[in-house]
Amino acid sequence: MKKVMLIGADSRGTSLLKLLHGASGFEVVAVVDVDEHAPGLQLARRWGIAAASDWRPWMAEPLDLIIETTGRADVLEEIRRLAPEGANIVPSAVAQMMAELVEEKEALIAKLKSEAARRALIFHSSHDGMIVVDEYGYITDMNQSAAELLEVDKDKVIGKHILTVLPSSGLPRVLETRQTEFHQEVELANGKKLITTRIPIIDDNGKLFGALAVFKDITELVALAEEITDLKEVRMMLEAIIYSSEEAISVVDENGNGILINPAYTRLTGLTEEDVIGKPATADIAEGESMHMQVLKTRRPVRGARMKVGPKNRDVIVNVAPIIVDGVLKGSVGVIHDVSEIQRLTTELNRARQIIRTLEAKYSFADIVGESEEMKVAIEQAKLAAKTPATILLRGESGTGKELFAHAIHNASDRKYNKFIRVNCAAIPETLLESELFGYEEGAFSGARRGGKRGLFEEANNGSIFLDEIGELSASTQAKLLRVLQEREIVRVGGTKPIPINVRVIAATNVNLEKAIAEGAFREDLYYRLNRMPIYIPPLRARKEDIPALCRRLIQKLNQDYGRNVEGVTDEAMAKLLAYDWPGNVRELENVLGRAMIFMKFHEVMIDATHLPPLASPSSVPAHRVETEEEIRPLEEMVSRYEASLIEQALRRHRGNKTAAARALGISVRNLYYKLEKYGLDKNIMQ
């Protein structure tokens, strides 16, 4: 292997580098050039060849060939003086001649490849059938059109004699006579008639290489003639289709004058043919620019343009497309949609989606906003739990998003195509909860439906059931739920026959279950069944870095709910939000943003600090103090203090029984827990 060094990495050096790099028997050990950006140096680096700016240190290495392309006599003289013994030196004049030969060779190869590719493209993309035979009549090539016309597999017939494939072929005669035959008619065995031209292939020296046959199915020409003959009938048919369409359609010519409208157009706009036909395209526009004229000017279609048309100023959406025949613009056609009809259909679609959403889980993990470490841990735990059939216990304060997690877990599980049933254990009266969960048999109690009723666990079979406020279950309901988790079966109220079920239970609570067990309010064995896969959802005060992202998501939602176009929160407002502890968590944040948007002016697009309601921490308000006439505070603060005092009194009167206290106050147990958190009251007030 001869070791070669190139001195000079301009275009000539690059050409020689390409030649030597691919040649056997040569190894380019280094490429040298004072210009760091020389193309030869960049190519050498890409190929892993040493690239340098000074050739002299390489003179100590064993070299067989040194090629100098710089053209400098002093460099060549110094190379000859310092070159290692036995090294052959190629001066720049010889190197330039070699480079020019290489470049000429590459250009010729590229030209030949380009011409061959162009000929192959024309040959194989032609709609006409083409067959090439050699000088002996054997098929050397055939395009797909020819294979389809002859109904053969071209890969199987290449290499066969033309007469075995097409017995009526005249190509052998052309090979013999060397004469071109124009427009010859051939009838195939399948009944098709072809018009063919046969051409001998002869080089400049008169040597015969083969022959080419080009042919077309004349049935296409006949069909084309019939199509032209029936053009009037086709036009009448198209007009009939346009007139029967329920879409409003208008057509103008290349000058923008109306030539056709349908009855739907008249019904929508109130304009008749006398108002439109022969008139400019602007005749029907009450407000806006003519899309017909724009399309005729640009030759590009327009979609979704809003405008008002007709004497009644109907609000419409217009789609207009150019009519181009053989590259010539002939006019344009427009389809007009009534916006009010679209809005009605959109409203119906949204209503249908809302109905469907009540029967399935609405949210996925993509809907959960959280980049804090605490939230990431909760999300990863939930994703892991979703892939298992284990019972899941979601723990966290009210408003942290436990139900959102339950939806996402169901949608990420293999049960996502089955039902997702949601149950608020604190919202259903104790007397009805057991029958709602497990169903009842006929005659189980007074007023029971004939034939009994399936419970929510049966409804959720093969799916998931979300039990919110699980800590509010009575002792008897806890015992039945324990049986469901242990035995995977239920017994209806008033029944004796166990019913097997396959339900994933997702429970949630903001109650300290461990404390409830110690107080005897919650079964320890049920706790261990539920706590198999606990997931703690952190409160908002523990992940305040998520507040900006939460604001963006909530503002998007509130914009849809309120029909607003609020873009975000100012820095001052964000600082105020970040300084608050959020006892009501994300639910309270949504409430605050919603209230701010309600009181914003319609032209305002950013929530400012002035739009936000007071965010003084309620935990700092003494609940037991009674305001005097001399001590007047803001009304909201005074109401909060009085409400906290009433809640504390209710809990003391009912000896800490939150269900009874909530019933006396006329609020739900879940709302009671929220207010206990909000006002910083002790949840275990007993007297």
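Helix H25 (residues 635–653) has 19 residues, and at 1.5 Å a residue it should span 27 Å; its end C-alpha atoms are 27 Å apart, so the two values agree. The expected span is 1.5 Å times one less than the number of residues. Helices (H or I, at least four residues) and strands (E, at least two) are DSSP runs, numbered from the N terminus. This is a predicted model, in which local features need pLDDT of at least 70 and side-chain atom pairs count only at pLDDT 80 or more, while totals for chains, interfaces and linings use all residues. Residues are numbered from 1 along each chain as its sequence is written, and side-chain values use heavy atoms, leaving out hydrogens and water.

- Ser 640, Arg 641, Ala 644, Ser 645, Ile 647, Glu 648, Ala 650 and Leu 651 of H25 are buried, meaning under 20% relative accessible area with a 1.4 Å probe, protein chains only (exposed is over 50%, partly exposed in between).
- The cover over these buried residues includes helix H26 (658–665) and helix H27 (669–679).
- After H25 comes Arg 655, with a positive phi near 55°.

**How H25 meets H27**

- H25 and H27 pack at an angle of about 120°, and their axes are 11 Å apart; axes are lines fitted to C-alpha atoms, for helices over the stretch in contact, and angles run from 0 to 180 degrees between N-to-C directions.
- The two helices, H25 and H27, are therefore oblique to each other (under 35 degrees is roughly parallel, over 145 roughly antiparallel, 65 to 115 roughly perpendicular, and the rest oblique).
- On the H25 side, the contact (heavy atoms within 4.5 Å) is made by Ser 640, Glu 643, Ala 644, Ile 647 and Leu 651, and on the H27 side by Leu 672, Lys 675, Leu 676 and Tyr 679.

**The sheet with E1**

- Five strands form an open sheet in the order E3-E2-E1-E4-E5, with parallel pairing; two strands pair if DSSP finds at least two bridges between them.
- Strand E3 (50–52) and strand E5 (88–90) are at the edges with a single partner strand each, so one side of each has no neighbour in the sheet.
- From one strand to the next, the twist averages 20°.
- Val 4 stands opposite Leu 65 in E4.
- Helix H3 (residues 73–82) lies across E1, E4 and E5, at about 170° to E4.

**The sheet with E17**

- Another open sheet of five strands, also with parallel pairing, has the order E18-E19-E22-E17-E23.
- Strand E17 (residues 392–395) pairs with E23 over four bridges in the parallel sense.
- Leu 393 stands opposite Pro 534 in E23.
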